[in-house]
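Please walk through this protein with me, one region at a time. Keep the sequence and the 3D view side by side.

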Amino acid sequence: MISLYFSRKASVLFLAMMLAWTASQAQNYTLPGSGSASTSTCSGTLRDAGGANDYGVNNSGYRTIRPNANNRRIELSFSGISLAGNDTLFIYDGVGNSRSNLIRFYTATNNSSGTFTSTDPSGALTVELKDNG
């Protein structure tokens, strides 16, 4: 299970998501403030670029989360989300942030919970946060 936490003091960004598949030891990961990163794991915590602190403005980074075993799929479940103003959270099926693989996006007014399971042959999901200040 991977839990994702995002927070921004000035505009209250909170995200609690669960990525579930075969669980083992939890690790900590950070969603990059810019560029991309990749994680191959079965459990852990993913935080925004600020880590335990608030992230800065104009972040635009994504992390691909891959299962660490063959024939596994990442499942992502939101328990709650609240985004600030112009910030957007994107969920993609597979590796990378190609718009053709977009499953769902969240904004300050479009922020209902949901569960997503990768259908991509890689079993991966990609999470991207774009903070527009």
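A polar contact is a pair of N or O atoms within 3.5 Å; within protein, one must be able to donate a hydrogen and the other to accept it, and residues adjacent in sequence count only if both atoms are side-chain atoms. Here is one example. A polar atom of the Asp131 side chain lies 3.1 Å from the backbone nitrogen of Asn58. Asp131 sits in the segment after strand 11 (125-130). Helices (H or I, at least four residues) and strands (E, at least two) are DSSP runs, numbered from the N terminus. Asp131 is buried, at 2% relative accessibility. Buried means under 20% relative accessible area, exposed over 50%, partly exposed in between (1.4 Å probe, protein chains only).

A word on the model. It is predicted: local features need pLDDT of at least 70, side-chain atom pairs count only at pLDDT 80 or more, and totals for chains, interfaces and linings use all residues. Residues are numbered from 1 along each chain as its sequence is written, and side-chain values use heavy atoms, with hydrogens and water left out.

Now the sheet. Strands of a sheet pair through backbone hydrogen bonds, either parallel or antiparallel. Here 5 strands form an open sheet, in the order 4-6-11-8-9, with mixed pairing. Two strands pair if DSSP finds at least two bridges between them. Strand 4 (34-41) and strand 9 (102-106) stand at the edges. Each has a single partner strand, so one side of each is left without a neighbour in the sheet. Strand 9 pairs with strand 8 (residues 88-93) in the antiparallel sense, over 4 bridges. Phe90 stands opposite Phe105 in strand 9.

A nonpolar core is a set of buried Ala, Val, Leu, Ile, Met, Phe, Trp, Tyr and Cys residues joined through side-chain atoms within 4.5 Å. The largest one has 14 residues. Leu46, Leu76, Leu89, Ile91, Tyr106 and Phe116 have the most contacts inside it. Strand 8 and strand 11 are the elements that give two or more residues. Strand 11 supplies the largest share, 3 residues.

Two more residues complete the tour. Tyr29 lies in strand 3 (residues 27-30). Tyr29 is buried, with a relative accessible area of 14%. Asn71 lies in the loop between strand 6 (60-67) and strand 7 (75-82). Asn71 counts as exposed, at 81% relative accessibility. Its phi is near 60 degrees, a positive value in a residue other than glycine. Most residues other than glycine have a negative phi.
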